Amino acid sequence: MRGEYKVPGGKLVAVEVGVADGHLTDAHLSGDFFLEPDEALDVIDRALDGLAADTPTSKIAGAIDAALSRAAADGTLAEPAVLVGFDPWGVAVAVRRALGLATTWDDHVFEVLRPEPLPVRTLAALDQVLTEELAEGLRGPTLRFWDWDERAVVIGSFQSLVNELDPEGVARHGVTVVRRISGGGAMFMEAGNCVTFSLVVPASLVDGLSFEQSYAFLDSWVLGALRSIGVEAFFSGMNDVASPAGKLAGSAQKRLAGGAVLHHMTMAYDIDSDKMLEVLRIGREKLSDKGTRSANKRVDPLRSQTGMTREAIVDAFEAYFKSQYRTADSALRPDELDRAQKLVETKFATEEWIARVP
């Protein structure tokens with residue numbers, strides 16, 4: 001069995017391995033990385049042989065680290081090993097992929113959904129519905145673009161309602177308050193001023209990756225999509241994407257026990273900062289991330305940097321995703337919309353949920 005892992009910003013790691021009596025055997029590491037001294041390659045191979053086939057990523061990496069340290073101490077290696085372009089963690093991920101315990105993008109067909117405008121609470125409820133359905137085996141991995149026709153603010157699962165929102169501003173501008181199931185910060189979302197998508201994937205796709213690594217891994221295609229419309233972007237912090245002009249987007253995640261991961265991102269297209277400052281108590285701090293000094297300016301990085309309509313940007317993102325991965329056009333089923341509506345009535349529209357953190 002063979003597994004591969006391209007280290008973000010690094011090199012390709014490949015591992016061929018067999019399994020006998022529940023343990024790894026005949027492990028062979030290869031790739032376009034750099035490793036000194038040469039003998040360290042054999043040390044890594046031997047460290048893998050004999051490990052239980054269900055050994056977690058962290059323990060595989062630990063076994064490799066320990067083996068290299070012992071080899072340097074007992075003279076097996078003339079000098080401590082130097083790994084360039086990869087690390088024991090990357091080897092461990094490749095092992096897990098070889099065993100089928102971790103998957104790659106190419107192992108899945110992603111259903112792409114572009115539904116008609118829906119209430120924002122319904123869109124948030126669909127995050128839960130589609131993630132639960134993947135865990136239940138009722139639907140495959142999905143990429144779903146949001147569309148809506150109301151003014152709303154979506155706050156993170158753990159944010160304080162009182163600290164985040166100004167109730168007078170919420171009432172004055174007719175803002176629908178929505179609390180999502182994932183963490184992260186607040187999003188001021190008028191119709192047409194943001195580009196938002198939700199990606200639902202099996203946990204096997206991010207097996208062995210830390211939370212920080214998984215954000216970059218699941219958003220890697222976004223950087224390519226932005227380049228395709230003329231925006232050079234990069235990761236900023238754990239879950240943000242920025243360009244030289246400032247912050248563009250933020251991501252959030254929620255992982256369910258059943259083995260499904262919800263990952264979503266919101267990108268600012270053309271936000272009315274005056275309204276945002278009246279609705280969000282911490283609006284000025286949010287705007288400082290985007291290089292906006294005056295409340296009279298609009299937060300419009302995607303519009304100003306591309307000159308494209310929001311619809312054209314969403315089309316470009318969809319086209320880029322489809323060019324990179326195996327996809328199938330899909331649609332929301334009536335039973336999924338019914339399930340989402342029931343969740344809106346019993347959870348997302350209730351004061352108990354909206355004010356779960358007062």
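Trainee: Which residue lies over the face of Phe-211?

Mentor: Good place to begin, and keep in mind that this is a predicted model. A charge counts as sitting over a ring if NZ of Lys or CZ of Arg is within 6 Å of the ring centre and within 35 degrees of the ring normal. Over the face of Phe-211, at 4.1 Å from the ring centre, lies Arg-255.

Trainee: How many aromatic pairs does the structure hold?

Mentor: Ring centres within 6.5 Å make a pair. By that count, the number of aromatic pairs in the structure is 13.

Trainee: Is the pair of Phe-33 and Phe-86 stacked or edge-to-face?

Mentor: Let's look at the planes: planes under 30 degrees apart count as stacked, over 60 as edge-to-face. Phe-33 and Phe-86 are 4.0 Å apart centre to centre, with 25° between the planes, so the pair is stacked.

Trainee: How many residues apart in sequence are the parts that this pair of Phe-33 and Phe-86 ties together?

Mentor: Phe-33 lies in the loop between β3 and β4, while Phe-86 lies in the loop between β5 and α3. Because of where the two residues lie, the pair ties together parts whose separation in sequence is 53 residues.

Trainee: What about Trp-105 and Phe-321: stacked or edge-to-face?

Mentor: Their centres are 6.4 Å apart, with 80° between the planes. Since planes over 60 degrees apart count as edge-to-face, the pair of Trp-105 and Phe-321 is edge-to-face.

Trainee: In which helix does Phe-321 lie?

Mentor: Trp-105 is in the loop between α3 and β6, and the pair ties together parts that are 216 residues apart in sequence. Phe-321 counts as buried at 0% relative accessibility, and Trp-105 does too at 9%. The helix that holds Phe-321 spans residues 310–324 and is α12.

Trainee: Last one: are α2 and α3 oblique or roughly perpendicular to each other?

Mentor: The axes come within 8 Å and cross at roughly 130°. Among the residues making the contact are Ile-60 and Ile-64 of α2 and Trp-89 and Val-95 of α3. The range for roughly perpendicular is 65 to 115 degrees, and roughly antiparallel starts over 145, so α2 and α3 are oblique.

Definitions and conventions. Residues are numbered from 1 along each chain as its sequence is written. This is a predicted model: local features need pLDDT of at least 70, side-chain atom pairs count only at pLDDT 80 or more; totals for chains, interfaces and linings use all residues. Side-chain values use heavy atoms; hydrogens and water are left out. Rings of Phe, Tyr and Trp (its six-membered ring) pair if their centres lie within 6.5 Å; planes under 30 degrees apart count as stacked, over 60 as edge-to-face and the rest as tilted. Helices (H or I, at least four residues) and strands (E, at least two) are DSSP runs, numbered from the N terminus. Buried means under 20% relative accessible area, exposed over 50%, partly exposed in between (1.4 Å probe, protein chains only). Axes are lines fitted to C-alpha atoms, for helices over the stretch in contact, and angles run from 0 to 180 degrees between N-to-C directions. Angles under 35 degrees count as roughly parallel, over 145 as roughly antiparallel, 65 to 115 as roughly perpendicular and the rest as oblique. Contact means heavy atoms within 4.5 Å.
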